[in-house]
Amino acid sequence: MVAANGGSMWAYLLRYVVLGFLAFSVMYSTVFFLSSEDLRKNAAGLIQRGSSSFSGGIDSQSPTFEVKSIHYSPQKMIIQKPLLDENTHAVDEDFYLSKVFSTTMQPSKVIPYYFKAKGTFDKEAVTITTLITENRFGVFKKLVRNYRGPISVSLWIRDDESKDQHFAALHELYESDPLLQEYVDFHVVVDRFDFQLNMWRNVARLFARTDYFMLLDVDFHICTDLKKHLAENQEAMRLLRAGSALILPAFEYTHEEDGVDSATFPKEKKNVEPLVNDKKLMAFHSAKFVPGHGATNYTKWFSNEGDKIYQVTTFNYKYEPYVILKKEGTPWCDERFVGYGANKAACLYEIYISGIDYYVLPKDFLIHQSHAYPESKRSGGRKLNAELYSAFRDELCFRYAKAMYFANELGTPKAANMRSQCSKLKGFSQTLDSFPSMWPTRESSVAKRASRRA
């Protein structure tokens, strides 16, 4: 009897343990599901492409934006053969982009099309590609209102405790003007690294949706009707389609206070020269750094009869104009340059020696909108980037020379820019002459036999 009662009591106890375990499991699963759902909603709310619904603040009861928690986002990039749906293969977007930007400082979270423009654009339109941080929102809005065409912008947000406020500011910016919603694709970069400028440029270019793009700093004002002039200029479009680069001469005001309000800037070329003659306007950085824009040849631009496009003939490795380029076939900006100094020059140097010629547009021009420069942030990286740039030029010259040799292009016009720049390097010409013995090719063997017969 006692044994029976004892067994019954153990059975009851076991039953309650099982029921308690089941109840705990249900409660745990519910809490886990809800918390996971909060994370998903939070990620979807802040990361969802094209969403404009945002309350302007972060709910303190919900998890805040955490890059780490969504490092592998649910977005997919589909790889497939045309018209063969059964051969699709989905790749995690973060995984794909980690390879695309593998030469950058990592970890870095790239969010393409955080907001996507509602407008549709002609494939031959020029997309302005630029980069901003929150302190440039005001001048960026002016750029959008002035250009009223496709713009692809990289926005950097530091990955720290204030990032939620920066995301909130982005939503406020987007909702503040219908023109931003119509014309601008926003791509967000979240990391802890200051001024990965070439990486930001590549992000904006990669996700631009037209065939041509313009490398432009956000504080430059396009003074003319660039879209109209390009549409009317058959030679300009012919050069773009062929892969050449088009340059807009850049100016700045002598007195910074005159360059604050872009509404007062000249709108036609004929009104620029009197301001230059009166020393109110000058070529950009001509007082501090002539090599940066000197090759544009402003004297020729002003004296250009018939408003003809002309070629840049005095390129130098410090030249950094503002250019329009073909998206396909143009080299990417090297992402090893972090911080100020040499980053854009390195980008434009590689573009040039790859065989792309530079031409100056005859009517269009830019003027810099004055603002204070945080020199303390700019000076730190200049020396390191200058040293990197010196080695980078050597590397590029030998890399492109070797590539052109194997493509049998060293004797073609494509190699002219590379030869003109790289021949200044010590030992380059001798190395070029030694290529046939180092790497015999069919063409070099034929040429060698022909020389022997002669």
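Which helix gives the largest share of the lining of the second largest pocket? The largest share, three residues, comes from H12. Here helices (H or I, at least four residues) and strands (E, at least two) are DSSP runs, numbered from the N terminus. The model is a predicted one, in which local features need pLDDT of at least 70 and side-chain atom pairs count only at pLDDT 80 or more, while totals for chains, interfaces and linings use all residues. Residues are numbered from 1 along each chain as its sequence is written, and side-chain values use heavy atoms, with hydrogens and water left out.

First, the chain as a whole. The protein chain holds 15 helices and 15 strands. Of its 454 residues, 46% count as buried; buried means under 20% relative accessible area, exposed means over 50%, and partly exposed is in between, using a 1.4 Å probe and protein chains only. A contact means heavy atoms within 4.5 Å. Among contacts in the chain with a separation of 6 or more, 79% are between residues 24 or more positions apart.

Back to the pocket. On a 1 Å grid over the protein atoms alone, a pocket is an open set of points with protein on both sides within 12 Å along at least five of seven lines, whereas a cavity is a set of points where a 1.4 Å probe fits but cannot get out. Lining residues are those with an atom within 4 Å of a point. Grid points are joined across faces, edges and corners, and a volume is the space filled by probe spheres set on the points. Counted this way, the second largest pocket has about 320 Å³ of space. Its lining is made of 20 residues, and Gly243, Ser354, Gly355, Ile356 and Lys414 are the ones nearest the centre. Helix H12 (375–406) and helix H13 (416–422) are the elements that give two or more residues to this lining. Sorted by class, the lining has eight nonpolar, seven polar and five charged residues. For that sorting, Ala, Val, Leu, Ile, Met, Phe, Trp, Tyr, Cys and Pro count as nonpolar, Asp, Glu, Lys and Arg as charged, and the others, Gly among them, as polar.

Helix H11 itself is mostly covered, with 11 of its 11 residues buried. Among them are Ala345, Ala346, Leu348 and Ile353. Met418 sits in helix H13 and is buried, with a relative accessible area of 0%. Leaving aside neighbours within four places in sequence, Met418 is in contact with residues including Ile353, Cys397, Tyr400, Ala401 and Met404.

H11 also meets H6. Two packed helices are described by the angle between their axes and the distance between the axes. Axes are lines fitted to C-alpha atoms, for helices over the stretch in contact, and angles run from 0 to 180 degrees between N-to-C directions. The axes of H6 and H11 come within 9 Å and cross at roughly 55°. Angles under 35 degrees count as roughly parallel, over 145 as roughly antiparallel, 65 to 115 as roughly perpendicular and the rest as oblique, so H6 and H11 are oblique to each other. Leu197, Asn198 and Arg201 of H6 make the contact with Asn343, Lys344 and Cys347 of H11. These residues divide into two nonpolar, two polar and two charged.

Most residues other than glycine have a negative phi, and most peptide bonds are trans. Phe195, in the loop between strand E6 (184–191) and helix H6 (197–206), has a positive phi of about 55° although it is not a glycine; Phe195 is buried at 15% relative accessibility. Tyr113, found in strand E3, has a positive phi of about 50° and is buried at 17%. The peptide bond from Gln106 to Pro107 is cis, with omega near 5°, and Pro107 lies in the loop between helix H2 (93–100) and strand E3 (109–115).

Tyr113 is also one of the residues touched by Arg209, not counting residues up to four places away in sequence. Arg209 lies in the loop between H6 and strand E7 (212–215) and is partly exposed, at 24% relative accessibility.
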